[in-house]
Amino acid sequence: MFTRCRVIGCDRPARAGTDDGLDTRFCRQHSDHYSRHGSPYKGSYTAKELAPYRKVACAWLEVNAEDQWVRNAVDRVETLYRAAGAHLEAFRLRGLSPEERAKAAWARLRKAKIDPRRVVAAWLAVEMAIVADPQADRKLEYKRVQAAKLVHRLASGTHRRWESGPGGAQELHVYPRSRGRILHHIGSDIEEATALLVAHTASLMLQGSTRYAEDRAP
């Protein structure tokens, strides 16, 4: 029953049909792709592709800062910050579950004092990008992972520098892995925080994506 990967055109067996894992849906290649991008076949949007949509979302959130749904989304992100627990350095995450690592990511964002509106804007930007993409993967998991990757990069690492010691100044740069169930949990948190806002701002996403498409037209 696991003789074929579910991606159309792939003739490799699902990982559960080999000795290389328990995934019953995808082969190793597509399973890894799904873990990194939230889709077994579509890659992530680049920062350049999402930048115009983030700009539209940030501008709209600033203008509508007193809107009840904007305030609700921002308050919910701030709640994620407060409920994340103690801040953990990126090199102290070994052995934690994906859910615990996701909470640690929220704690890093809190410590870095990332404006909650940037988190909200990340979700709106992905929503608009998907609306404008004629070949979009519209499954919820893809949307969650794309937004989570944007937010994860806002405060993703731990950086330390020692001015003295053997051999002179020493530096430490550690970046948590951005893939798999960690992104699922972060994305699910963002989705829940912005759900009411998205339900009441569908026109924003359509207008923003349409405006960007028109700007790119020859």
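1. Let's start with tryptophan 106, which is buried, with a relative accessible area of 2% (buried means under 20%, exposed over 50%, partly exposed in between, using a 1.4 Å probe and protein chains only). Tyrosine 81 counts as buried too, at 7% relative accessibility.

2. A word on the source: this is a predicted model, where local features need pLDDT of at least 70, side-chain atom pairs count only at pLDDT 80 or more, and totals for chains, interfaces and linings use all residues. Residues are numbered from 1 along each chain as its sequence is written, and side-chain values use heavy atoms, leaving out hydrogens and water.

3. The structure holds 3 aromatic pairs (rings of Phe, Tyr and Trp, the last by its six-membered ring, with centres within 6.5 Å; planes under 30 degrees apart count as stacked, over 60 as edge-to-face and the rest as tilted). In one of them, the rings of tyrosine 45 and tyrosine 142 have centres 5.9 Å apart and planes at 65 degrees, so the pair is edge-to-face. Both tyrosine 45 and tyrosine 142 are buried.

4. Tyrosine 81 and tryptophan 106 form a tilted pair, 6.2 Å centre to centre with 45 degrees between the planes.

5. Now look at arginine 25: its charged end sits over the ring of tyrosine 34, 5.1 Å from the ring centre (the rule asks for NZ of Lys or CZ of Arg within 6 Å of the ring centre and within 35 degrees of the ring normal).
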